[in-house]
Amino acid sequence: MRLQTGEIRSSRFWLDTLSKIWAWLFLLGMVAFFSVAGDGFLTPFNIQAILANMAILMIIAIGQTYVIISGGIDLSVGWVMGMAAVISATVMNRLPESSPLWLVVLSGLFAGLLAAWIAGLVNGILIARLNVPPFIATLGMFGIARGIGFLLSGGMPVPIYVRGLGFLGNGFLLYHHPTAGWSFLSPPPGLAQAELRNLTGYFPFVVIVMLVLLVIAHITLSRTKFGLHTYAIGGNKEAAMRAGIPVERRLVAIYLLSATFAAIAGIVYNVRFTNGAANAGEAMLLDTVAAVVIGGASLFGGAGTVIGTLIGALIISVLANGLVILRVNPFWQFIAVGIVIIIAVLIDQAREKFAQE
Amino acid sequence: MMEKQNTGTQPVLQAVNLTKRFGGLVAVNNVSLDIYPGEVVALAGDNGAGKSTLIKMISGVYRPDAGHIYLEGREITMASPLEARSLGIETIYQDLALCENLDATVNIFLGREPTKRLLGLFKQVDRNLMLAESNKVLDRLDIHIPNLRRPIRQMSGGQRQAVAIARAVYWNARLVIMDEPTAALGVPEQRKVHELIHTLKRQNVPVIIISHNLQDIFAVADRIVVMRRGHKVGDVPAGEVTDDDLVAMMVGSA
Ligand SMILES: Nc1ncnc2c1ncn2[C@@H]1O[C@H](COP(=O)(O)OP(=O)(O)OP(=O)(O)O)[C@@H](O)[C@H]1O
Ligand SMILES: [Mg+2]
């Protein structure tokens with residue numbers, strides 16, 4: 001008898017440990033593999049590219065992390081992002097040409113946020129107040145945001161005609177040129193067009209935006225009442241209510257937050273690709289849920305971290321980048337991510353089953 | 001003996017002529033109940049006798065259709081369980097209402113977490129204070145739980161019950177209500193809960209306990225209130241009745 005419980009204990013311990021660190025090991029293994037097998041994988045240039053390419057995914061996945069910890073899911077993130085991108089692109093184009101760049105970006109951001117907040121508010125009220133299952137409420141919003149995005153853009157990407165926008169979206173904090181030396185925020189002045197090729201940038205703006213949002217979201221989730229309540233609601237909503245947590249308000253805030261991050265991602269897309277497309281975030285549903293779940297969150301609610309999600313997003317981004325470097329058809333990425341997400345959920349379920357015994 | 005001791009002290013809780021109807025059914029019919037400081041009162045009765053309904057009126061879940069409730073002499077009306085808690089009436093539900101993914105300290109403070117400013121920037125939950133205070137209250141109840149930072153999910157049923165009780169006590173409960181606290185527990189853990197109830201009693205906190213388990217009742221109760229079909233049919237000191245007397249009252253053959 002004694003032995004048996006001992007055995008169960010220790011296998012539970014291993015399972016628990018495994019479920020906590022497998023994603024780190026997986027990431028390390030992948031990095032090691034691509035470093036050996038792929039040419040030019042482990043270079044500062046490529047690492048920055050990986051980080052810049054995952055910014056949009058990571059920003060949306062932050063919101064998805066809160067939602068999934070609270071025991072829900074937000075299926076609408078990708079299309080809310082696209083809708084925000086289209087609206088913000090349209091607004092940016094309408095502003096007078098003489099407007100300063102920061103005003104253009106802020107106006108676009110605000111317009112995109114406004115639209116996304118309506119979507120998030122509707123999601124939140126449906127789920128918190130009217131008890132619609134998150135899966136259904138956000139599936140409805142998936143369709144609505146998609147329709148609005150396509151209607152407003154006529155089904156075509158909206159090119160943005162704002163000078164300097166692309167430079168901002170693809171810009172760096174620091175530049176280095178072999179002869180002209182270092183410069184801050186913009187390339188050294190007076191470089192010939194042909195010389196720009198030899199320029200190296202460090203710290204892409206979009207990566208900095210991503211890191212700032214990530215740090216704020218991590219601190220909020222791990223240290224504030226709001227964060228703690230998010231875990232409590234996901235763990236036992238009934239208990240959270242009886243304990244006096246304003247569950248409805250918290251849930252509305254969580255879905256608003258998710259929509260907010262989707263809109264910010266939409267604007268990042270705008271400045272990076274100088275257009276707004278309704279389907280800009282089409283891959284985001286699969287990728288964000290994958291990142292969150294790989295990162296140790298439970299689809300049953302109550303568990304997950306922003307740092308875990310970062311690992312998940314890194315895995316997806318490294319995978320995509322590595323496959324390109326190995327000249328594998330990039331469509332394999334979808335299959336690989338699909339497989340990884342299923343593995344992650346299986347681990348989560350095994351852990352849950354053990355916990356109930 | 002008990003009666004004499006009670007005269008002179010004011011009851012903590014007085015329920016007077018409480019009635020609750022559900023459609024045509026009178027679930028609780030004109031029931032009165034006094035609870036004195038440090039007293040453990042067991043509510044006994046067959047299934048559907050009205051025990052839970054009576055408790056729910058006292059803990060703010062239902063509003064009585066008739067009757068009054070007095071807490072330390074002052075009439076109270078409660079619109080929600082939350083209001084009852086803020087008045088010091090703590091109910092420990094059978095399903096415990098704990099967040100299993102969170103640790104004991106968080107559960108004790110859930111909904112009322114202390115915060116401190118970090119770098120003057122934002123208010124962060126003060127986990128160290130929660131741990132220190134949790135240790136204090138658990139010590140007071142003579143509960144020993146190794147590693148309070150483990151999620152509740154990894155604790156035994158008795159330890160969970162202890163956390164739920166500690167939560168009630170920490171917030172200065174003036175009355176603790178327990179609905180079937182030992183239903184899901186093994187014998188050693190039932191003992192532990194009995195000990196906890198005795199500890200509460202020593203600290204002068206009165207307890208109302210609903211139980212179907214006669215052993216439970218005789219192990220902890222000072223007084224037994226028996227209900228049958230919505231009526232109160234008995235109110236006796238625990239020392240003056242036997243199992244058989246109780247069963248007879250419950251089924252109505254006495
Ligand atoms: N919300 C409700 N709506 C309608 N009828 C109810 C409701 N709650 C209780 N009743 C009825 O009131 C009567 C008393 O129920 P109550 O739950 O108080 O009994 P109990 O003594 O707690 O029984 P048990 O020992 O089975 O828990 C029962 O006939 C029950 O069916
Ligand atoms: Mg009952």
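Start with chains A and B together: between them they bury about 1800 Å², 58% of it on carbon and sulfur atoms. Buried area here is the accessible area (1.4 Å probe) that two parts lose on being put together, summed over both. The size of an interface is often given this way, as the accessible area lost when the parts come together.

Before you click further, note that this is a predicted model, where local features need pLDDT of at least 70 and side-chain atom pairs count only at pLDDT 80 or more, while totals for chains, interfaces and linings use all residues. Residues are numbered from 1 along each chain as its sequence is written, chains are lettered from A and ligands numbered from 1 in the order in which they are written, and side-chain values use heavy atoms, with hydrogens and water left out.

**Stop 1**

The cut-off is a side-chain nitrogen of Lys or Arg within 4 Å of a carboxyl oxygen of Asp or Glu, and the count between chain B and chain A is one.

**Stop 1: ligand 1**

Select everything near ligand 1, meaning residues with a heavy atom within 4 Å of it. Of the 13 residues surrounding ligand 1, the closest are B:Asn47, B:Lys51, B:Ser52, B:Thr53 and B:His212. In chain B, strand 2 (25-35) and helix 2 (51-58) each supply at least two residues of this shell, and helix 2 gives the largest share, three residues.

- B:Thr53, a polar side-chain atom, 2.5 Å
- B:Ser52, a polar side-chain atom, 2.8 Å
- B:His212, a side-chain N or O atom, 2.8 Å

Taken alone, ligand 1 exposes 630 Å², and the protein buries 61% of that (Shrake-Rupley method, 1.4 Å probe).

**Stop 2: helix 9 of chain A**

Finally, jump to residues 237-242 of chain A, helix 9, where A:Arg242 and A:Glu238 sit four residues apart, about one turn of the helix. They form a salt bridge, the closest N and O atoms being 3.6 Å apart. Over all chains, the count comes to 15 salt bridges.

Technical notes. Polar contact = N/O pair within 3.5 Å; in protein donor to acceptor, adjacent residues only side chain to side chain.
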